[in-house]
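Here's a quick briefing on a model you can look at alongside the notes. Have the sequence and the structure open as you read.

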Amino acid sequence: MTSKIYQKNATIIDNFRINGGYYKLILATPEIADRIIPGQFVHIRINDKTDPLLRRPFSVHRVIKNKGKFNKGQIEILYGIVGRGTEILSKVSPKKKLDILGPLGNGFKIGSEYSTHILIAGGMGVAPLMFLAERLSKAKAKNPKQKIVVLIGAQTKRKIFCEKEFKKLGCDIRISTDDGSNGFKGRVTSQLTQILPLFKNQASMIYACGPEAMHRALALIARQNNIRAQISLETYMACGFGVCMGCTTNTSGGYKLVCKDGPVFDANDIVWPQN
Amino acid sequence: MNTAISLGTLRLKNPVLVASGTFGYAEEFKNLIKVERLGALVTKTITLCPRQGNLPPRIAETPSGMLNSIGLENKGLDNFIKEKLPHLKKLDTPIVVSIAGESLNEYAELAKKLSLKGISALELNLSCPNIKAAKIKNQRGTLISQDASATYKVIKAVRRSTKKTIIAKLTPNVGDISLIARAAEDAGADSISLVNTFLAMSIDIKSKKPKLANITGGLSGPAIKPIALRMVWEVARAVKIPVVGCGGIMTASDAIEFIIAGARAVQIGTANFVNPKAATDIILGIKDYMRINKITNINKLIGSLKV
Ligand SMILES: Cc1cc2nc3c(=O)[nH]c(=O)nc-3n(C[C@H](O)[C@H](O)[C@H](O)COP(=O)(O)OP(=O)(O)OC[C@H]3O[C@@H](n4cnc5c(N)ncnc54)[C@H](O)[C@@H]3O)c2cc1C
Ligand SMILES: Cc1cc2nc3c(=O)[nH]c(=O)nc-3n(C[C@H](O)[C@H](O)[C@H](O)COP(=O)(O)O)c2cc1C
């Protein structure tokens, strides 16, 4: 049942700052690049010291597939600095190697029976959805009736990414910012409520990644509108492959591991903690 | 070069085991490392009945360490025998099953029901700091291996119910570890393993909340190594039965320190999360050390501390 996990010393092709204080990390790792699907993640050892001790999980933003002998498969990670681990990662220079584990977890299930795919990204959550949009647009090439709608929400204009890239893939894109500096002023979930009537009579599937508050609001909207929603959760993790039992989340079917049973879950199954 | 050692009647091809709760039931590791290279593997602790475990968050990173309060989540004895054991038996490495009971009778029952072919030894988890195991003493909050007489009684009861090699795993959260170790030896344990995790905590100063839902948890990893080493050294001097050292071992040189201090074998825990190849790398590293230092038999290294 458990599929193959690779532990590889991946060469850093590039690691650079983009706008909004975010970074892109590109790693040469053909085995993982060939197998990983949208929503799955890799677990990266930031350095070979004992502090910080644990690996850090990152979903894959894009895959550059194996093309012959000299063009090795690569993965691209989009990340933000939130603490010491990501700070250290941002300073690792190209040509160095990073010890990575992957592909890990269960990714998004692409519902080819759905005619409308609604992708919802909150902040950094855009990271795995770009990869998903690429796969969805491939499916759309075969079945042009399919629609891909992407909602991106962030605090402010500077923190909106990938708008052009999503457009290039033929996605219908909607922006929202908390401060109104770009697109709809307000939460991405408010914009979703506003546009949902447009898709009322179509079979739709929601795919989302963002902060917990967004997932909670979204789960409610999905339930009220009777739409299926898949969400990608984030928790602290130790091992990342299902042995330490540390990254538990509560679901209607009992405790599940975010690393192994997730990180993508059906929004309806999550039992949110009280606070 | 001879790296074989024995614990009770159990013979191991090398002295490196993987610690309970850090290797699952080997399924996930099977496609990452050659499991058959391990001296032995210790399963996640199993209990008689299924346990849901503690509320999340269950882990937090600390300087060179981590806290956990998993709460012995496991699917229980029957599920283990039906679902996990058949595939564990197929591995070409000795299987040590870790057990924990909520009462003396539960320990005895677990030991009896696990006296099965394909299981090489039982490790008694007498030290999990996260469950209230004190029914035996009717004292809330005490752990069995914080009390010499409770330790003695549990091991004695297990000794009566099985012929398997018994490894008693002790908590380090005590004043005098030698006292507990001697009680375990007197009760008939074949070996003692230590340490389990140190009771500890961590606070998020923004929210003023503890980082673990359980408030406290067990500290493991490199941060505990010097304390674990000291305790292993103390116990190795206090008892005649073999000692299995554990606590913060990340590299072969860490493992060799424990062996020099008197450990006949070592267990690798948290390191498995950081580097799934840690245990197999450590085996190679110990062999390199022996080669370089012209040690032909690992038994010559055990307890070779010069003082
Ligand atoms: C499956 C998965 C996929 C992920 N994909 C990405 C990605 O594509 N891009 C990206 O930038 N990040 C991603 N993350 C989050 C990333 O792992 C964390 O930002 C990183 O581990 C933080 O490490 P640090 O040492 O910098 O911060 P720490 O010092 O560990 O933490 C700093 C602060 O960040 C918050 N934090 C840290 N880790 C998490 C977490 N796992 N969940 C929630 N809050 C956290 C905490 O509130 C803490 O106060 C993902 C996480 C998971 C579980
Ligand atoms: C996540 C986690 C789960 C653990 N679960 C168990 C367990 O079920 N039974 C047990 O006896 N010890 C358990 N331990 C303790 C380890 O086996 C080991 O004794 C301890 O972590 C110290 O070694 P280390 O520093 O090498 O990890 C657990 C440790 C961790 C980190």
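Helices (H or I, at least four residues) and strands (E, at least two) are DSSP runs here, numbered from the N terminus. This is a predicted model, so local features need pLDDT of at least 70 and side-chain atom pairs count only at pLDDT 80 or more, while totals for chains, interfaces and linings use all residues. Residues are numbered from 1 along each chain as its sequence is written, chains are lettered from A and ligands numbered from 1 in the order in which they are written, and side-chain values use heavy atoms, with hydrogens and water left out.

**Glu73(B)**

- You'll find Glu73(B) in the loop that runs between strand 6 (65-68) and helix 1 (77-89) of chain B.
- Glu73(B) is buried, at a relative accessible area of 14% (buried means under 20%, exposed over 50%, partly exposed in between; 1.4 Å probe, protein chains only).
- Its side chain makes a polar contact with the side chain of Arg58(B) at 2.7 Å. A polar contact is a pair of N or O atoms within 3.5 Å; within protein, one must be able to donate a hydrogen and the other to accept it, and residues adjacent in sequence count only if both atoms are side-chain atoms.
- Setting aside neighbours within four places in sequence, Glu73(B) is in contact with residues including Met245(A), Thr248(A) and Tyr255(A), as well as Lys44(B) and Arg51(B) (contact means heavy atoms within 4.5 Å).

**Helix 8 of chain B**

- Helix 8 (residues 278-292) of chain B has 15 residues and spans 21 Å from first C-alpha to last, close to the 21 Å expected (1.5 Å times one less than the number of residues).
- Among its buried residues are Ile282(B), Ile283(B), Ile286(B) and Met290(B).
- The buried residues of helix 8 pack against strand 3 (16-18), helix 6 (252-261), strand 16 (265-268) and helix 7 (271-274) of chain B.
- After helix 8 of chain B comes Lys294(B), with a positive phi near 55°.

**The two domains of chain A**

- An automatic or database domain assignment gives chain A domain 1 (6-104) and domain 2 (116-269).
- Between them, these domains of chain A bury about 2,000 Å², 65% of it on carbon and sulfur atoms (buried area is the accessible area, 1.4 Å probe, that two parts lose on being put together, summed over both).
- Tyr22(A), Pro38(A) and His61(A) supply 26% of the area that domain 1 buries against domain 2 of chain A, more than any other three residues.
- The count between the two domains of chain A is one salt bridge (a side-chain nitrogen of Lys or Arg within 4 Å of a carboxyl oxygen of Asp or Glu).
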